[in-house]
Amino acid sequence: MPTELIGLPVPHSQPPPPRLAVDKLTRVFDGLAVVDDVSFTVSAGEVACLLGPSGCGKSTTLRIVAGVDMQDGGRISVDGRLVCDTVFRVPPERRAIGLMFQDFALFPHLSVADNVAFGLKGGAAANRARVAELLDRVRMSDHVDSYPHALSGGEQQRVALARALAPSPRILLMDEPFSGLDERLRDGIRDETLALLKDEGTAVLLVTHEPHEAMRMADQILLMRRGRIVQRGAPYNLYNAPVDREAAAFFSDVNVLTGTVQGALTDTPFGEFLTPGVPDGTPVDIVIRPQHLRIDFHRGGRGPAPTPEHGTAAHGVVQRARFLGRESLVEFRMDHDGSVLRATVPAVFMPDPGTPMWLMLRRDRAFVFPRR
Ligand code: ADP
Ligand code: MG
């Protein structure tokens, strides 16, 4: 007999509650909801990233989770236990939450080892072992007795990470943690940080306004705009299936073709796009990332149209080309309607202005949005 029917607990039928659950969170400043009905969960071992432009409410959300600000609506639970709603509130120091902020500096009067040991509660021997383990993990073992002022920015950041992780927090909150670092160091430190976070298995909520950082670090991106989450999912999904024009443009430069729906179709240089369910006369934006346009190098632009297997071709004339280092940006004027499209090509390819060419597009890489 199925055990559910006789009311016995079924050990494996219930997934564990998420490590962090934020439910309908709202925060109002001066009559304006800067965090507006925000809900999401983060599992142990997962890196979730609140991504959005400056002022969209990311840090406010993080501060409420940390317990240093209070919401006007909604609730937060950790491992299924209520941490705060609008009445009840566990104080910040009892939430088992680690913090790492850009301006959350190391204690200048404490050595590296003492900084990392600061939040530890165990016995001296156990603490020493934990400090040594983490400093080894962030490759700072040679600096145990150094003081923060003697370290580079990248080294200080690694010590700050070790300090935040030392007490094995259930959740680590990171607010723009890499923005103070030299651009050249960032990707390396991001990757090291991610490896350590994954090993520790903590749930991470990372705040950033940089899509590159979110895509590099996150398992799940929560895209925010004006206090609301407008899209969520894996980086691949946000990049390749954006919910609207603004979401598409947040991740890269975009081309926007405009058209008007006639008989559920929209005419473009690449032929007609299906716009089912959109009434005739509705203006639509067709959004294409420059890296999704391919140039038919081999054939040249004078022959017949190429017939790519999964897409369509359109003819244009090079307006100009710019060398960007790893890639080149080529600008075309399309024969069909005079629209200008930019394509990036991953090599040094600098066609002369006036050169005719075929551009190719996979249809599933063009995003069609009725204009609102
Ligand atoms: P983000 O971290 O996404 O850049 P914030 O969460 O810091 O954005 O801020 C969201 C909005 O809330 C901003 O318009 C900011 O000015 C406003 N804000 C944040 N904190 C306060 C506060 N304590 N009082 C009034 N307005 C605030
Ligand atoms: Mg912020």
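Okay, ground rules. What you see is a predicted model, where local features need pLDDT of at least 70, side-chain atom pairs count only at pLDDT 80 or more, and totals for chains, interfaces and linings use all residues. Residues are numbered from 1 along each chain as its sequence is written, chains are lettered from A and ligands numbered from 1 in the order written, and side-chain values use heavy atoms, leaving out hydrogens and water.

So, the sheet. It's open, with four strands in the order β2-β1-β4-β5 and antiparallel pairing; strands here are DSSP E runs of at least two residues, helices H or I runs of at least four, numbered from the N terminus, and pairing takes at least two DSSP bridges. β2 (32-42) and β5 (81-84) are the edges: each has a single partner strand, so one side of each lacks a neighbour in the sheet. Look at β1, residues 20-29: β1 and β2 share seven bridges, and V28 sits opposite A33 in β2.

Now the ligand. Which residues are around ligand 1? Taking a heavy atom within 4 Å as the cut-off, they're F29, V34, P53, S54, G55, C56, G57, K58, S59 and T60. Helix α1, residues 58-66, gives the largest share of that shell, three residues.

Polar contacts next, meaning N or O pairs within 3.5 Å. The side chain of S59 puts an N or O atom 2.8 Å from a ligand 1 oxygen. From the backbone, C56 has an N or O atom 3.2 Å from an oxygen of ligand 1, and for a polar backbone atom of G57 the distance to a ligand oxygen is 3.1 Å.

Notes:
Contact = heavy atoms within 4.5 Å. Axes fitted to C-alpha atoms, helices over the stretch in contact; angles between N-to-C directions. Polar contact = N/O pair within 3.5 Å; in protein donor to acceptor, adjacent residues only side chain to side chain.
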